[in-house]
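Dear colleague,

Please find below the structure that I am handing over to you, followed by an account of what was found in it.

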Amino acid sequence: ESTTDRSSVTAVPRASQPAGAGNLPWQAMRAAPLNPTGIFANVAFVQRVNTSGGVPAATGCGPGNGGEEARVAFRADYYFYKPVGAS
């Protein structure tokens, strides 16, 4: 979500590439803007690259840790693409 105009976009993965153990994969995603105006309006594709971290612990969830929250830190660069001429 944009902090300047509150617009947002969601995306569906179309292709991915492994980024090494413990890192979320790089992804190319088909975008679906949630607002007709704003910075994310007309975004057609989103790309996630240069990921670091983000993979949860292999232990996962089970009866012994029900109701607990696990946070997994990660970093990535996101690129947002619009068609030529779109504002």
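**Findings**

Ser8 has a relative accessible area of 15% and is therefore buried. Please note that the model is a predicted one. Ser8 belongs to the segment before β1. Beyond its neighbours within four places in sequence, Ser8 is in contact with Glu1, Pro33, Leu34, Asn35 and Phe40.

Arg6 is found in that segment before β1 as well, and β1 spans 9–17. Arg6 counts as exposed because its relative accessibility is 59%, where exposed means over 50%. Its backbone deserves attention: Arg6 is not a glycine, yet it has a positive phi of about 65°.

A positive phi occurs at Asn42 too, with a value of about 70°, although Asn42 is not a glycine. Asn42 is placed in the loop between β2 and β3. Its relative accessible area of 41% makes Asn42 partly exposed.

**The nonpolar core and its surroundings**

Which residues make up the largest nonpolar core? The five are Met29, Ala31, Phe40, Val43 and Val46. As a general matter, nonpolar side chains in soluble globular proteins tend to be buried together.

Phe40, a member of this core, is also one of the contacts of Ser8. Val43, another member, is in contact with Val9, Ala31, Pro33, Phe80, Tyr81 and Lys82 once neighbours within four places in sequence are left aside.

The pairing of Val43 with Tyr81 spans 38 residues in sequence, while the C-alpha atoms of the two are 5.5 Å apart in space. Tyr81 lies in strand β4 and is partly exposed, with a relative accessible area of 39%. Apart from residues within four places in sequence, the contacts of Tyr81 are Asn42, Val43, Ala44, Phe45 and Gln47.

Is Gln27 buried or exposed? Gln27 counts as buried, because its relative accessibility is 15% and the limit for buried is under 20%. Gln27 lies in strand β2, which covers residues 26–33. Not counting residues up to four places away in sequence, Gln27 touches Pro13, Ala15, Ser16, Val46, Gln47 and Arg48. Among these, Val46 belongs to the largest nonpolar core.

**The largest pocket**

The volume of the largest pocket is about 240 Å³. Its lining is formed by Pro56, Ala57, Thr59, Gly60, Cys61, Asn65, Gly66, Gly67, Glu68, Glu69, Ala70 and Val72.

Pro56, one of the lining residues, sits in the loop between β3 (45–53) and β4 (74–81). With a relative accessibility of 53%, Pro56 counts as exposed. Pro56 and Asn23 are separated by 33 residues in sequence, and their C-alpha atoms are 9.5 Å apart in space.

Glu69 also lines the pocket. How many salt bridges does the model contain? The count comes to one, and it joins the side chains of Glu69 and Arg71 at 2.7 Å, N to O. Both Glu69 and Arg71 are exposed.

With kind regards

Key: Residues numbered from 1 in each chain as written. Predicted model: local features only at pLDDT ≥ 70, side-chain atom pairs only at ≥ 80, totals over all residues. Heavy atoms only, no water. 1 Å grid on protein atoms, 1.4 Å probe; cavity = no way out; pocket = protein on both sides within 12 Å on 5 of 7 lines; lining within 4 Å. Points joined across faces, edges and corners; volume = space filled by probe spheres on them. Core = buried A, V, L, I, M, F, W, Y, C linked by side-chain atoms within 4.5 Å. Buried < 20%, exposed > 50% of the residue type's maximum accessible area, 1.4 Å probe, protein only. Contact = heavy atoms within 4.5 Å. Helix = DSSP H or I, 4+ residues; strand = E, 2+ residues; numbered from the N terminus. Salt bridge = Lys/Arg side-chain N within 4 Å of Asp/Glu carboxyl O.
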